[in-house]
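Hi everyone, thanks for coming. I'd like to walk you through one model today, so please have the sequence and the picture open.

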Amino acid sequence: MSNTLPPPRPSELELDAFLAQYGDIFEHSPWVAEGAWKQGFTARHDDPDVLADSMGAILQQADIDQQIAVIRAHPDLAGKAALTGELTQDSTREQAGAGLDQCTTAEFERFQNLNQAYQDKFGFPFVIAVKGLDRHAILDAFEKRLENDLATERRTAIEQIIKIARFRLHVRAGETQ
Ligand code: GUN
């Protein structure tokens with residue numbers, strides 16, 4: 001059982017207030033939360049998993065260009081934006097939670113090389129739900145996923161983004177990260 005999202009709960013909110021509260025669950029892509037709200041919420045949607053399923057379905061049903069735009073809205077892992085403090089609050093917490101702010105110089109360079117190789121191959125950044133992973137596990141997954149084809153990687157990135165959204169909603173419900 002998960003906690004319920006705190007008041008004012010999703011099912012109690014008008015669109016503007018809902019977006020002020022939950023528009024950022026998908027990185028720089030409030031249209032995902034908006035699409036879910038427009039389908040109508042009941043008290044069931046005050047559960048972070050139900051809300052994550054509802055928002056996730058909007059992203060899954062979006063066309064490929066919209067999906068790629070959401071993938072592209074994500075910052076690189078251990079990238080320049082992380083160094084200069086330009087990440088969203090959620091990304092900052094997630095990247096630090098995986099110890100990415102503690103990379104050695106060699107690990108940091110490995111991330112830069114992999115970020116570049118991945119971007120060159122697929123045209124979007126590498127996205128992975130980092131909760132529960134340390135930077136070694138992330139680097140291993142990074143190298144494996146670089147071998148995938150474009151369609152597989154697009155699908156994987158979307159699944160990972162929905163997983164990230166689910167974790168973010170659980171954090172909003174007061175569960176520790
Ligand atoms: N997974 C969890 N947070 C992030 C992030 O900020 N960027 C990327 N690329 N993946 C993530």
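Alanine 78 counts as buried because 26 C-beta neighbours sit inside 10 Å. By "buried" I mean that 20 or more other C-beta atoms lie within 10 Å of the residue's own; 12 or fewer makes it exposed, anything in between is partly exposed, and the C-beta atoms are placed from the backbone. You'll find alanine 78 in the loop between H4 and helix H5 (80-83). Its phi is near 50°, a positive value in a residue other than glycine. Most residues other than glycine have a negative phi, and most peptide bonds are trans.

Two quick notes on the source. This is a predicted model: local features need pLDDT of at least 70, side-chain atom pairs count only at pLDDT 80 or more, and totals for chains, interfaces and linings use all residues. Residues are numbered from 1 along each chain as its sequence is written. As for the labels, helices (H or I, at least four residues) and strands (E, at least two) are DSSP runs, numbered from the N terminus.

Now, back to phi. Histidine 28 also has a positive value, about 50°, although it is not a glycine. Look for histidine 28 in the loop between H1 and H2. Is histidine 28 buried or partly exposed? Histidine 28 is partly exposed, with 13 other C-beta atoms within 10 Å.

While we're on the backbone, a cis peptide bond joins proline 7 and proline 8, with omega about -10°. Proline 8 belongs to the segment before helix H1 (15-22).

Next, helix packing. Two packed helices are described by the angle between their axes and the distance between the axes. The axes are lines fitted to C-alpha atoms, for helices over the stretch in contact, and angles run from 0 to 180 degrees between N-to-C directions.

How do helix H3 (residues 48-61) and helix H9 (residues 150-172) pack? Their angle is about 150°, and their axes are 9 Å apart. H3 and H9 are therefore roughly antiparallel to each other. For the wording, angles under 35 degrees are roughly parallel, over 145 roughly antiparallel, 65 to 115 roughly perpendicular, and the rest oblique. Contact means that the C-beta atoms of two residues, placed from the backbone, lie within 7 Å. By class, the contact of H3 with H9 has 10 nonpolar, three polar and three charged residues. Here Ala, Val, Leu, Ile, Met, Phe, Trp, Tyr, Cys and Pro count as nonpolar, Asp, Glu, Lys and Arg as charged, and the others, Gly among them, as polar.

H3 also packs with helix H2 (residues 30-38): the axes come within 8 Å and cross at roughly 115°. That makes H2 roughly perpendicular to H3. The contact is made by Val32, Ala33, Gly35 and Ala36 of H2 and Ser54, Met55, Ile58 and Leu59 of H3. Its residues divide into six nonpolar, two polar and no charged.

H9 packs with helix H4 (residues 64-72) as well, at an angle of about 60° and with axes 10 Å apart. H4 and H9 are therefore oblique to each other, and their crossing is left-handed. Gln67, Ile68, Val70 and Ile71 in H4 meet Arg154, Ala157, Ile158 and Ile161 in H9.

Let's turn to phenylalanine 126, in the loop between helix H7 (105-122) and helix H8 (135-145). Phenylalanine 126 is buried, with 26 other C-beta atoms within 10 Å. Leaving aside its neighbours within four places in sequence, phenylalanine 126 is in contact with Leu77, Asn115, Tyr118, Phe142 and Arg145. Phenylalanine 142 is 16 residues away along the chain, yet the two C-alpha atoms are separated by 7.5 Å.

Last stop, the ligand. Which residues come nearest to the ligand? Of the 13 around it, they are His74, Ser91, Glu94, Val127 and Val130. A residue is near a molecule or strand if its C-beta atom, placed from the backbone, lies within 6 Å of it. Helix H6 (residues 89-97) gives the most to this shell, with three residues. By class, the shell has nine nonpolar, three polar and one charged.

How values were computed: Left-handed = near helix turned anticlockwise from the far one by under 90°.
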